[in-house]
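Reader: Please take a close look at one part of this structure. Keep it brisk, and define your terms as you go.

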Amino acid sequence: MIIAGVGLSVLAVVLVGIFVARKVDGDSANYLVAGRRLGVPLVAASLMAAAVDSNATVGNTDLTASFGFWAGASLALGLAICLLLTGLFLAKPMNRMKLFTLADFYRLRYGRGVEVASSIFMIFAFAILMAGNLVACGFLLERFLGLDYTVGVLVAVGLVLVYTIGGGMFSDAYTAAIQIVITIVATASLVVWFGMTYGFEVAEGMGPFDFEQLTQTSAGAPINWATLIALGIGDIVAIDFMQRIFAARSPETAQKSCFTGAAGTAVIGVAFAMVALSASSVLGLTTDAGPILFQLLDDYAPAGLTVLVLSGIVAASFSTASGAILATSAVAVRNIFGVRRVVSVKEEGVRDPLLLWTRVAMIPIVVLGVSVALKVAQTGILLTLAFDLMLAGLLVPFILGLFWKRGGTRAAVAALVVGVTVRLVLFVLTPTVYGVPNDVWYIPNDLIDASFDGWPTFWGFGASLIAYLVAAAIWPRTVSEEAWSIADGMPDETIPARREPEPAL
């Protein structure tokens, strides 16, 4: 019954995604940014669905039950802070720029070289993000359907790819509306059921008001703050968030959508964290037997509630994976290989190459994400790591480039190279990553122990900021760099496939 119920909800989402694909109408502008005509409900739903994914639910509950409220809830709260800050300062100016991808900004501001470098980095980070959501789906299908984990990951990514490759942002937005309704109802039902059945009880030192989790190293404060900063600030340069902001019909729509998404993300994240704390305290659940949330649903919850919550998790994971696939493919094709939008004005049968090759690029992007999911079977950790790297490399050139005109190409390169280098060096030298063993890439050494975990986030960001400021002071933006930006102008909106010859005079 459980799998049948979840399967029906997944089928409904996939069918809606396929149905709205006709709105693309052969135009990459419709495919990548939904023709820039989405209203608040759809933009807010897609932003919220991207934020409340498996990392902010399954990963949240595992970390909360193991290390306390701030260890897990920080995943969702960090994303809510990101949406709040984006709404306050960035949604309006970024929507006005009429970009197709976030990497377009780096080209306009810093030139072609920085565009390519930032694009490669974005693709790498978002492959990690996509992997985190595939991991959750793989575990879910393994536990409830008995499928092998690898098979579960492949099934999940195949279903997401079916509607994403057809409808792009239109499919993402419309399916997100369904997905977020399921998630909201599921969250409310879970909280009410658990409260009425077992009551809420939090172990000493583990709750939201036990602020030693944010003030004492022994209680994980550096790791918790690193999570909040990596997601609250680093996620500002999330290409899937920005893709949805570009799709809003107006700057005001983009801003309101961010505020709505922030509020919903925070409420849902806190709700799941509180259920996890009580499940650990009252029922004695631990991560030794698998994800906390899956244990609770499989062994304790009624079947109807299990179907609802699992449908919400799968739906949210699909939405985030869909956005990641779309955004990374667009960045690869448009910003690395330089393919541009071509719209036939007079001639039928001319295909938009940006649309065509973005769809083709989804295949290798998916292969990359699946490879990471099979190598690192973590959820919340993958989310934080992805945006930790974005924080170290891309945030400073983005924010300072948007609001401060002095820094040029050299400043951006310095920030990217120095920030990422410092972060990666500290990553391979630190034995743990956000409280779990560093099984990805660790070089045994006597210089750094587990107590340093969390601090590399701040060191990488600080190094990037200092590098940008020093380089901008030494090499300010040149006249040539300003000329590049003016010559490039706003990204192309319509490039006719073939112009008809002008009539002879």
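Author: Start at Lys-98, which follows helix 5 and has a positive phi, near 55 degrees. Helices here are DSSP runs of H or I, at least four residues, numbered from the N terminus. This is a predicted model, in which local features need pLDDT of at least 70 and side-chain atom pairs 80 or more, while totals for chains, interfaces and linings use all residues. Residues are numbered from 1 along each chain as its sequence is written, and side-chain values use heavy atoms, without hydrogens and water.

Helix 5 covers residues 69–96.

Helix 5 has a kink of about 60 degrees at Leu-90, shortly before Pro-93. The bend at a residue is the angle between axes fitted to the seven residues ending there and the seven starting there.

The helix is mostly covered, with 20 of its 28 residues buried. Buried means under 20% relative accessible area (1.4 Å probe, protein chains only).

Now Met-94. Beyond four places in sequence, Met-94 touches Leu-99, Leu-102, Met-242, Phe-246, Phe-398 and Leu-402. Contact means heavy atoms within 4.5 Å. Met-94 is also among the residues that touch the most other members of the largest nonpolar core, which has 155 residues. Such a core is a set of buried Ala, Val, Leu, Ile, Met, Phe, Trp, Tyr and Cys residues joined through side-chain atoms within 4.5 Å. Helix 7 (residues 112–145) gives this core its largest share, 17 residues. A second, separate core of 11 residues includes Phe-69 and Ala-80.

Note on methods
Buried means under 20% relative accessible area, exposed over 50%, partly exposed in between (1.4 Å probe, protein chains only). Helices (H or I, at least four residues) and strands (E, at least two) are DSSP runs, numbered from the N terminus. The expected span of a helix is 1.5 Å times one less than its number of residues.
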